[in-house]
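Please read the following account alongside the sequence and the coordinates.

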Amino acid sequence: MTDLFSPLTLRGVSFRNRIGVSPMCQYCCAEDGQPTDWHLAHLVSRAVSGAALVMAEASAVTPQGRITPRDLGIWGDQHIRPHARLAAAIAAVGAVPAIQLAHAGRKASRRPPWEVGPAEPGWQTVAPSAIPFDGFATPRAMDEGEIEGTIAAFAAAARRAVQAGYRLIELHAAHGYLIHSFLSPLSNRRNDRWGGDLEGRTRFACEVARAVRAAIPEDMPLVVRISHTDWVDGGWTTEESIELARRLKGLGVDAIDVSSGGIDPAQKVPVGPGYQVPGAEAVRRGAGLPVLAVGMITEPDQAQAIIREGKADMVLLARGFLREPYWAMKAAVSLGRTDALAIPPQYERGWSSLGAMAMDRAIGRPMPALA
């Protein structure tokens with residue numbers, strides 16, 4: 001039976017289990033967008049935990065596509081070498097190194113979330129239509145040349161990611177950022193080929209996916225993160241997400257990372273444990289494509305059930321890994337799957353009793369607390 005610690009293969013890449021680390025913005029680069037020692041320590045510590053997939057945070061494909069001036073970037077060849085350091089370190093401890101390519105669109109040019117407000121100095125933001133997000137600066141509607149140029153920027157960033165040694169690429173098409181803002185009728189009011197009906201609104205996402213697929217090796221998985229619903233009447237829907245996923249599948253996308261919301265502050269999100277999982281299951285069944293599930297997945301038994309019941313093919317944790325960098329190891333103990341652990345020899349002394357502890361759990365003896 002498939003469980004949380006069963007291996008998974010997408011194209012030519014194998015994952016040691018079904019646990020992944022979501023991209024989490026750290027907002028601590030220098031203004032040149034290059035990763036720092038903080039990023040190295042942050043990502044490698046999660047890889048050491050036994051997670052199969054570790055994804056670097058949203059990396060801007062143009063300087064204007066950053067959420068904040070201190071976001072990670074991959075818009076120039078100067079970023080290849082420092083990203084290569086991250087990718088190599090993640091791979092060295094057995095995880096698949098991945099990167100999320102992003103453009104923040106109308107939600108760019110901000111301060112880090114703990115400071116609030118616009119970046120100073122900021123820059124002109126762009127979007128499909130000149131509709132601001134909840135008090136943010138009004139973006140400029142992109143012209144045809146800018147749209148085509150941004151598609152090319154995603155492809156160029158993907159080529160740099162390949163050179164850096166990443167083994168999976170995710171496109172960020174969720175949370176109200178640029179690609180999502182083309183998808184949603186709440187933010188896309190265009191009347192040209194990039195807007196209007198579903199065909200027009202999905203065109204940008206599909207063209208980015210097409211360009212990136214052509215720019216990367218045949219054996220490299222391509223994933224797209226979507227918001228499966230806007231949680232707003234008249235917005236993007238789960239049914240449209242299923243149709244988009246079908247189209248992306250035909251373009252060579254290998255899996256969908258299913259999140260939700262972010263386009264409009266009027267959203268009414270039913271937040272609770274696993275609240276995004278029904279959307280992931282709907283996309284998986286409707287599009288016939290592997291999915292990655294996210295959203296308040298915190299407990300090993302919960303994650304195990306998602307995989308065993310066929311609701312998703314992998315679970316991704318973000319805040320859970322911020323609270324507990326060794327979540328995957330502790331999940332293996334909790335689920336009696338210490339046979340699946342890949343403990344670095346430097347850490348063996350801290351985990352050497354886990355096999356006995358798992359056996360105690362299986363036969364009903366109380367387990368000692370982890371010191």
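In helix H1, the residues Asp37, His39, Leu40, Leu43, Val44 and Ala47 meet Arg85, Leu86, Ala89 and Ile90 of helix H2. By class, this contact comprises 7 nonpolar residues, 1 polar residue and 2 charged residues. The model in which these contacts are found is a predicted one.

Two packed helices are described by the angle between their axes and the distance between the axes. For H1 (residues 37-48) and H2 (residues 80-92), the axes come within 9 Å and cross at roughly 20°. Angles under 35 degrees count as roughly parallel, and H1 and H2 are therefore roughly parallel to each other. The crossing in which H1 passes H2 is right-handed.

H2 also packs against helix H3 (residues 144-164), at an angle of about 50° and with the axes 8 Å apart. With that angle, H2 is oblique to H3. The crossing of this pair is right-handed. On the H2 side the contact is made by Ile80, His83, Ala84 and Ala87, which meet Arg160, Gln163 and Ala164 in H3. The residues of this contact divide into 4 nonpolar, 2 polar and 1 charged.

A further helix pair is formed by H6 (residues 203-215) and H7 (residues 238-250), whose axes lie 10 Å apart at an angle of about 25°. This angle makes H6 roughly parallel to H7. H6 passes H7 in a right-handed crossing. Here Ala205, Cys206 and Ala209 of H6 meet Leu244, Arg247 and Leu248 of H7. The contact of H6 with H7 has 5 nonpolar residues, no polar residues and 1 charged residue.

Rolling a probe the size of a water molecule over the atoms shows where empty space is left. How much space lies in the largest pocket? The volume of the largest pocket is about 1,400 Å³. Its lining consists of 45 residues, of which Tyr27, His175, Tyr177, Arg225 and Arg319 lie nearest the centre of the pocket. Strand E12 (314-317) and helix H10 (319-323) are the elements that give two or more residues to this lining. H10 gives the most, with 4 residues. By class, the lining of the largest pocket divides into 23 nonpolar, 15 polar and 7 charged residues.

The second largest pocket has a volume of about 160 Å³. Its lining is made up of Tyr27, Glu31, Pro69, Arg70, Arg111, Pro112, Trp114, Glu115, Ala119 and Glu120. These divide into 5 nonpolar and 5 charged residues, with no polar ones. Tyr27, listed here in the lining of the second largest pocket, is also one of the residues nearest the centre of the largest pocket.

Most residues other than glycine have a negative phi, and most peptide bonds are trans. Which type of peptide bond joins Glu120 and Pro121? The bond is cis, with omega about -5°. Pro121 is placed in the loop between strand E5 (96-102) and strand E6 (126-127). The loop between E5 and E6 also holds Ser109. Although Ser109 is not a glycine, its phi is positive, at about 60°.

Terms used
Residues are numbered from 1 along each chain as its sequence is written. This is a predicted model: local features need pLDDT of at least 70, side-chain atom pairs count only at pLDDT 80 or more; totals for chains, interfaces and linings use all residues. Side-chain values use heavy atoms; hydrogens and water are left out. On a 1 Å grid over the protein atoms alone, a cavity is a set of points where a 1.4 Å probe fits but cannot get out, and a pocket is an open set with protein on both sides within 12 Å along at least five of seven lines; lining residues have an atom within 4 Å of a point. Grid points are joined across faces, edges and corners, and a volume is the space filled by probe spheres set on the points. Ala, Val, Leu, Ile, Met, Phe, Trp, Tyr, Cys and Pro count as nonpolar, Asp, Glu, Lys and Arg as charged, and the others, Gly among them, as polar. Axes are lines fitted to C-alpha atoms, for helices over the stretch in contact, and angles run from 0 to 180 degrees between N-to-C directions. Angles under 35 degrees count as roughly parallel, over 145 as roughly antiparallel, 65 to 115 as roughly perpendicular and the rest as oblique. A crossing is left-handed if the near helix is turned anticlockwise from the far one by less than a right angle, and right-handed if clockwise. Contact means heavy atoms within 4.5 Å.
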